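Here is a short briefing for someone meeting this structure for the first time. Please read it with the sequence and the model side by side.

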Amino acid sequence: MAARTTARRQGRQEHRATRVPPAARASLALLTGAGLSLAALHGPAARAADGPQPPPIQVTPARLQSALAQLDGLAEDLLKRSGVPGMAVVVVHNDRVVYLRGFGVLEAGQPAPVDGDTVFQLASLSKPIASTVVAALVGDGRVGWDDPVLRTLPEARIGPPAIAGSVTLRDLLSHRSGLPDHAGDHLEDIGFDRDTILRRLRLIPIGNRFRSVYNYTNFGFTAGAVAAARTTAQDWETLSAQRLYRPLGMTRTTSRFSELMAMANRARPHVREDGRWVARYQRDPQAQAPAGGVSASARDLGQWLRLQLAGGRIDGRQLVAAEALGETHRPQMISTPPKNPSQDHAGLYGLGWGVGYTDRGEVQLSHSGAFNLGASTAVYLLPQEKLGIVALTNGQPVGLPESLALSVLDLASRGAIRQDYFPALNQVFQAMSNQDYPQVVTPAAPVRALAPQAYAGRYRNGYVGPITVRQQGQALELELGPAPLRFPLTHVSGHTFRYQPVGENAFGPSAVVFTVGAGGRATGVRLDNLNLDGMGTFQRD
């Protein structure tokens, strides 16, 4: 991404169709947040179950060897073009790891190299890993995809009573619960924990969106995973390790942020700052661990790819029931409706997977992960070809891992790369970095504010809770969150001020607009960056 201010570098990743420029839209099947999923760049509709036989296998030994021989050069070229400090890549074919290598460095300006055992934050590549864990529980008979979430997680009520009891694991893991896009993420940014955020989902109106609209929600997904884990009397982090990571021999994989931070050979997250990549931030995704909190090495993910491509089997053991795992790969929801249904392809989403189709009609599964605070990852599978690839990077998303993976798939299945994917995907990611809350505009002739004491006080709404506007001399300071975080307020005009949000979902300054009553004292305040779904308006206590 282009150099930005410090605030803009702390942005979010999310899908809003109006943001994607026409030139990039043709390359896009799915775009989702704090984590995202990019499915096949070309994809005709799926064949009916009784339709023609699948096309013959295209990944021949010669093509695969040629692709692997070119992979080093492709990776080095993309690192040079993007400037991203480090990357690790693993490729699996026919139940074998056929390629594993690291490139670049753990931290810009430092000599320690990336290798196959370097641990990266996966961001939303965590989602298909989480759905694998849930599939294991489904296969064990502990839970069903269509079990109501309230059965085991009653605090995570979504929608009005008439709907809440019908919301299932399937609804949450396919992002069709009716929650608005990225619901709950702003609460995480200001310091609320998982339990608090899940309890407050009930306060978000879902309108008539239940099972009718795809909205990518990290905390909706997290609620589904945690509800499944409750059937085992274990927390999600322990369950993931015991049911998946340890049996697969994934010794450098964890769903605990504290364990990641204790690891040596750990990639540092980087952002672009004035044209340079710097290790500025450290994203803590513990609150949404199932949706974005897994950290792993490429070597470990090779084991997971083997499991996915072998129907849940690993080294002769059926670790996850094939039918339950297969359900995660089945389309559950249209994520991106075709703009022109006579020409365009719909984006589809399964249970933690983007589901697409190549131009030859082969199923192509994928998911990407992105922290704008410094991580970008991607996984692609061609199940019929028994081929899978994961690319992990330690830079904020610019389209690097997706470009590498798609190029390798082209080489292995076609013998040639169809296009230079990086420019188009880089444009998509740049478009996604646009601020999603209103810009703060200072008028040519600003109006003076009232005295600070007119605005100072305690305000509240049920979703965010209490906030405080505190007078500091002749200035004002905003306090947000349970800690709380403190932000200076700068006057703009009249009763409008601005502050600089922080975290994964922050862009530039946000307006803070006070409502003043007849007595010359503020009665309410609106924080524009928290008000995208109407949850950022507060009344004075």
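Gly494 takes a positive phi near 60° in the hairpin of E19 and E20, where two residues lie between the strands. This is a predicted model, in which local features need pLDDT of at least 70, side-chain atom pairs count only at pLDDT 80 or more, and totals for chains, interfaces and linings use all residues. Residues are numbered from 1 along each chain as its sequence is written, and side-chain values use heavy atoms, with hydrogens and water left out. Helices (H or I, at least four residues) and strands (E, at least two) are DSSP runs, numbered from the N terminus. Two strands pair if DSSP finds at least two bridges between them.

**The barrel**

- Eight strands form a closed barrel with antiparallel pairing, in the order E16-E17-E18-E19-E20-E21-E22-E23.
- On average, neighbouring strands of this sheet are turned by 30° against each other, direction ignored. Axes here are lines fitted to C-alpha atoms, for helices over the stretch in contact, and angles run from 0 to 180 degrees between N-to-C directions.

- Strand E18 covers residues 475–480 and strand E19 covers residues 485–493; five bridges pair them in the antiparallel sense.
- Leu480 has Leu485 of E19 as its bridge partner.
- Four residues lie between the strands in the hairpin of E18 and E19, and Gly481 there takes a positive phi near 90°.
- Pro484 sits in the loop between E18 and E19. The peptide bond that joins Ala483 and Pro484 is cis, with omega about -5°.
- Strand E20 (residues 496–499) runs antiparallel to E19, and three bridges join the two.
- Thr490 has Arg498 of E20 as its bridge partner.

**Around E21**

- E20 pairs with strand E21 (residues 510–516) in the antiparallel sense over four bridges.
- E21 is largely enclosed by the rest of the structure, because five of its seven residues are buried. Buried means under 20% relative accessible area, exposed over 50%, and partly exposed in between (1.4 Å probe, protein chains only).
- On to the next strand: E21 and strand E22 (residues 522–527) pair in the antiparallel sense over five bridges.
- Phe514 has Val525 of E22 as its bridge partner.
- The hairpin of E21 and E22 has five residues between the strands, and Gly520 in the turn has a positive phi of about 80°.

**Leu307 in helix H13**

- Leu307 belongs to helix H13 (residues 298–309).
- Leu307 counts as buried because its relative accessibility is 0%.
- Not counting residues up to four places away in sequence, Leu307 touches Thr132, Leu244, Leu248, Gly312, Arg313, Ile314, Leu319, Val320 and Leu325. Contact means heavy atoms within 4.5 Å.
- Met250 is 57 residues from Leu307 in sequence, and their C-alpha atoms are 12 Å apart.

**The second largest pocket**

- The second largest pocket holds about 300 Å³ of space. Its elements that give two or more residues to the lining are H13, helix H14 (322–328), strand E12 (354–357) and strand E13 (363–371).
- A pocket is an open set of points on a 1 Å grid over the protein atoms alone, where a 1.4 Å probe fits, with protein on both sides within 12 Å along at least five of seven lines; lining residues have an atom within 4 Å of a point. Grid points are joined across faces, edges and corners, and a volume is the space filled by probe spheres set on the points.
- The lining of the second largest pocket has 16 residues, and Gly326, His329, Val363, Leu365 and Pro383 lie nearest the centre.
- H14 gives the largest share of this lining, three residues.
- By type, the lining divides into 10 nonpolar, four polar and two charged residues. Ala, Val, Leu, Ile, Met, Phe, Trp, Tyr, Cys and Pro count as nonpolar, Asp, Glu, Lys and Arg as charged, and the others, Gly among them, as polar.

- Most residues other than glycine have a negative phi, and most peptide bonds are trans.
- Asn265 is not a glycine, yet has a positive phi of about 55°. Asn265 is in the loop between helix H11 (257–261) and strand E5 (271–273), and counts as partly exposed because its relative accessibility is 23%.
- Lys386 also has a positive phi, near 55°. Lys386 lies in the loop between strand E14 (375–382) and strand E15 (387–393), and counts as partly exposed at 36% relative accessibility.
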